[in-house]
Amino acid sequence: KLTFEILFLLLANIRQACAAGELLKFTSQIFGEDSPTGSIVQPPAFFKARMKMKWQAFPALGKIIDDAFMASGLARKWRGFRPLALDGSTCQLPPTKEVWSHFPPITPREDYANKVPVGRFSYLYDPLNHLVVGAALDKYSEGELTHAETLFADVGEGDLVLMDRGYSATWVMASLDSKGARFCVRMKSVWKCFEPFVRSGLRDQAITIPIQGNARKDCLARGVSARTLRVRLVRVDLENGEVEVVATNLRDTAAFPAEIFKELYHWRWFVEEAYKSAKSFMSLENFSGKSVLSVMRDFYAKVFAGNLLTILSLQARRELDEKNAEILDAFDAETSGDDQADDEKTATPRLHKLNRTIGISVHRMAAVPLLFRRVGAALASALDAMTAKLLAAPTPIRPGRSFERQVKYPSAKFKMNYKPTL
């Protein structure tokens, strides 16, 4: 019988192949390779059953898991705060009449842009714990700021939101400040305070932004009645000579010196990596149906699957962190002497992190049978086996590694370096 539990796990198993193949593989994962023919879920039954499942089930259960994770004390934090990177992206959708009506054509930059429906989606992403805390998908005409307003509903004290210059609106900063949340947002050069601050040569400066005119209307529409906003501008000098200015309400200069903001703001880039992982490795745009419900359900199912992978990888991550700590201690002991050569003192130890691509493959092979073993030795054994696979092939951490971003439009749909996982 295709129960809610089985259907939910089937949809959350990072589906990429045809329905018949996925159902056969799913049945083998649960019952073993010698599963009886009658236990195999047939595609018509699957298609009929999934019509009854609302897409809201995935974010609802994801919220429960995220709350439990934060309450467990296992979450990584930065100086007592949970960093949350916010950004948006787009995805191509199935070209059906129903989807076209819900996701109308976009204003094309090139002729090909209107050949398929395009949706805009946003992540509120925890870069330290690799979790999508909030996600939103809507028509392309819905801007990233609209998504931000939706995702801010669950943001509050203890959160630190990292945003690029597209979010440097007064109401965004004032809204987060009124919630007791912290923010770090890159400022656009059109702000009146930008050029004077850059020319001053100061590392940071406290200023007061008046909230008036349209900004006042935007704030009042969102229940923010403040007439001024106190922020701190911080100068960030990049290696290529470019100067970035970030605004923050981390006003304590002793607790949060200007030097830390370069690394802090860089964590925003992890949400871009999350998009790459979702689109390339998890085949986010490989939808299983032609309806709006299928689009929404598949989108949130893969967000849930990515978060589930992170939770199931916690033990492997902790063991790898302990190993990295041992390497650092040994390195410090070896290089602490005054007679060390300069090149030895400036060398860095080789640390590692979990390979996300391998993690997705392991998740597809092991997560479903693991979740059917709720308690006992079987569950512990399955978790140990999954942890061993994740630790078998970590990837090295390369601090400061960067390449010039090359934007090709239109780009190839399937990238040479980023293939879907099995």
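In this predicted model, strand β5 (residues 182-186) pairs with β8 in the antiparallel sense, over three bridges. Within this pairing, R186 has V246 of β8 as its bridge partner. Strand β8 also pairs with strand β7 (residues 228-237), again in the antiparallel sense, here over six bridges. V246 in β8 stands opposite V234. The two strands β7 and β8 form a hairpin with five residues between them, and G241 in the turn has a positive phi of about 95°. Because five of the six residues of β8 (residues 243-248) are buried, this strand is largely enclosed by the rest of the structure.

**The sheet**

These strands belong to an open sheet of eight strands with mixed pairing, in the order β3-β2-β1-β4-β5-β8-β7-β6. The edges are taken by β3 (131-139) and β6 (204-210); each has a single partner strand, so one side of each is left without a neighbour in the sheet. On average, neighbouring strands of the sheet are turned by 25° against each other, direction ignored. A parallel pairing is found between strand β4 (residues 159-163) and β5, over four bridges. There, V161 has F183 in β5 as its bridge partner.

The pairings described above are set out below.

| Strand pair | Sense | Bridges |
|---|---|---|
| β5 and β8 | antiparallel | three bridges |
| β7 and β8 | antiparallel | six bridges |
| β4 and β5 | parallel | four bridges |

Helix α6 (residues 144-151) packs on the sheet, where it touches β1 (82-92), β2 (118-126) and β3; the direction of α6 makes about 45° with that of β2. Helix α11 (residues 269-281) also packs on the sheet, touching β1 and β2, and its direction makes about 125° with that of β2.

**Helix α9**

Which residues of helix α9 (residues 214-221) are buried? They are A215, R216 and C219. Seen down the axis of α9, the buried residues fall within an arc of 100°, so they line one face of the helix. An α-helix has 3.6 residues a turn, so residues three or four places apart point the same way. The buried residues of α9 pack against α7 (170-178). On the face turned away from this buried side, α9 carries the exposed residues N214, K217 and A221. Just after α9, G223 takes a positive phi of about 75°.

**Cores and overall composition**

The largest nonpolar core has 56 residues, and those with the most contacts inside it are F58, F103, F121, Y123, L137, F299 and M386. Helix α12 (residues 292-312) supplies the largest share of this core, 12 residues. Apart from this core lies another, of 36 residues, among them L151, A169, W171 and F194. Leaving aside residues up to four places away in sequence, L137 touches C91, F103, G119, R120, F121, H147, V295, M296, F299 and Y300.

The protein has 16 helices and 10 strands. Of its 422 residues, 45% count as buried. Among contacts between residues at least 6 apart in sequence, 68% join residues at least 24 apart. The protein exposes about 22400 Å², of which carbon and sulfur atoms supply 54%.

Terms used
Residues are numbered from 1 along each chain as its sequence is written. This is a predicted model: local features need pLDDT of at least 70, side-chain atom pairs count only at pLDDT 80 or more; totals for chains, interfaces and linings use all residues. Side-chain values use heavy atoms; hydrogens and water are left out. Buried means under 20% relative accessible area, exposed over 50%, partly exposed in between (1.4 Å probe, protein chains only). Two strands pair if DSSP finds at least two bridges between them. Axes are lines fitted to C-alpha atoms, for helices over the stretch in contact, and angles run from 0 to 180 degrees between N-to-C directions. Contact means heavy atoms within 4.5 Å. The arc is that of the directions from the helix axis to the C-beta atoms. Accessible areas come from the Shrake-Rupley method with a 1.4 Å probe; for residues, only the protein chains shown count as cover. A nonpolar core is a set of buried Ala, Val, Leu, Ile, Met, Phe, Trp, Tyr and Cys residues joined through side-chain atoms within 4.5 Å.
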